[in-house]
Amino acid sequence: MLTLAIDTAANFCSACLWDDASDRVVAEEERDIGRGHAEQLMQVVERVMRSGGCDYADLGCIAVAIGPGSFTGIRVGVASARGFGLALGIPVTGVTTLETLAADAAGDARGPITVTVEGGRGQFFMQDFDASGHPLADARAVDEAAADKAIPDSACLLVGNAAAEIAEKLVASGLKLPALIDRATGNIATVARLSARSSHAPVPLYLRGADAKPQEGFALARADVKGREAGR
């Protein structure tokens with residue numbers, strides 16, 4: 001079965017064709033764009049499909065990175081994945097960015113892994129995994145100032161784009177932990193591979209409320225429809 005995986009949850013705009021029968025990448029593309037995922041994702045997908053010599057009818061599953069990460073980026077990826085699934089009549093599976101990073105680091109881990117990535121607004125997003133990349137706890141948002149204290153005593157490895165910063169703070173406390181994979185999300189091929197065992201629905205994983213808030217001063221008063229109808 002061919003799986004199309006997409007990831008727009010962070011700075012990358014990525015797509016991958018994965019053949020689970022042969023356990024190999026058929027084609028992939030990853031662009032470090034920062035923003036503008038909505039404008040580039042379809043082009044990235046089309047290039048991957050052409051490179052793999054596949055038609056959309058050949059796909060058996062869609063995998064999508066559901067976060068945590070960029071609010072806008074996650075929405076773009078999830079909406080696109082669900083659109084593909086609906087149009088093609090095939091299942092869509094979510095994979096978290098944190099479990100993807102843990103899986104990428106599992107080969108270098110001698111014990112539990114803590115994945116920690118920058119969450120913005122003075123927070124890090126964190127989750128603990130065993131050495132094989134299976135979750136030991138739920139994902140959480142932690143204040144940057146307290147992030148070093150949120151690392152379990154059992155942790156043997158820090159992973160993610162906030163790992164080096166936390167590792168440096170831990171040194172001051174007399175604890176040395178290696179830091180790997182300076183990224184906010186894992187390899188796109190790993191997203192595809194993990195989708196086979198994932199139980200996540202294609203729904204955004206947000207660890208805090210949206211950054212954007214309604215401006216009440218510009219809100220329009222709600223129309224009293226019932227009152228108008230009663231006066232007719």
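Patches are made of residues with over 30% relative accessible area and no salt bridge, and like charges are joined within 9 Å. In the predicted model, a surface patch of negative charge is formed by Glu118, Glu165, Glu168 and Asp182. Of these residues, Glu118 belongs to strand S6, which spans residues 113–120. Its relative accessible area of 46% makes Glu118 partly exposed.

Glu46 is placed in helix H1 (residues 37–52) and is partly exposed, at 34% relative accessible area. Between the C-alpha atoms of Glu46 and Tyr56, which are 10 residues apart along the chain, the separation is 9.8 Å. Ser80 is part of helix H2 (residues 71–88). Ser80 has a relative accessibility of 18% and is therefore counted as buried, the limit for this class being under 20%. When neighbours within four places in sequence are set aside, the contacts of Ser80 are with Ile6, Leu41 and Met42.

Backbone geometry in the loops was also considered. The peptide bond between Gly67 and Pro68 is cis, with omega about 5°. Pro68 lies in the loop that runs between strand S4 (59–65) and H2. Asp23, a residue other than glycine, has a positive phi near 55°. The loop between strand S2 (12–19) and strand S3 (24–32) contains Asp23, which is exposed at 51% relative accessibility. For Arg121, phi is likewise positive, near 55°, in a residue other than glycine. Arg121 is located in the loop between S6 and strand S7 (123–129). With 55% relative accessibility, Arg121 is classed as exposed.

Key:
Residues are numbered from 1 along each chain as its sequence is written. This is a predicted model: local features need pLDDT of at least 70, side-chain atom pairs count only at pLDDT 80 or more; totals for chains, interfaces and linings use all residues. Side-chain values use heavy atoms; hydrogens and water are left out. Helices (H or I, at least four residues) and strands (E, at least two) are DSSP runs, numbered from the N terminus. Buried means under 20% relative accessible area, exposed over 50%, partly exposed in between (1.4 Å probe, protein chains only). Contact means heavy atoms within 4.5 Å. Patches are made of residues with over 30% relative accessible area and no salt bridge: like charges are joined within 9 Å, nonpolar side chains (Val, Leu, Ile, Met, Phe, Trp, Tyr) within 5 Å. Accessible areas come from the Shrake-Rupley method with a 1.4 Å probe; for residues, only the protein chains shown count as cover. A salt bridge is a side-chain nitrogen of Lys or Arg within 4 Å of a carboxyl oxygen of Asp or Glu. Lys and Arg count as positive and Asp and Glu as negative; His and the chain ends are not counted. The place of a charge is taken as NZ of Lys, CZ of Arg, CG of Asp or CD of Glu.
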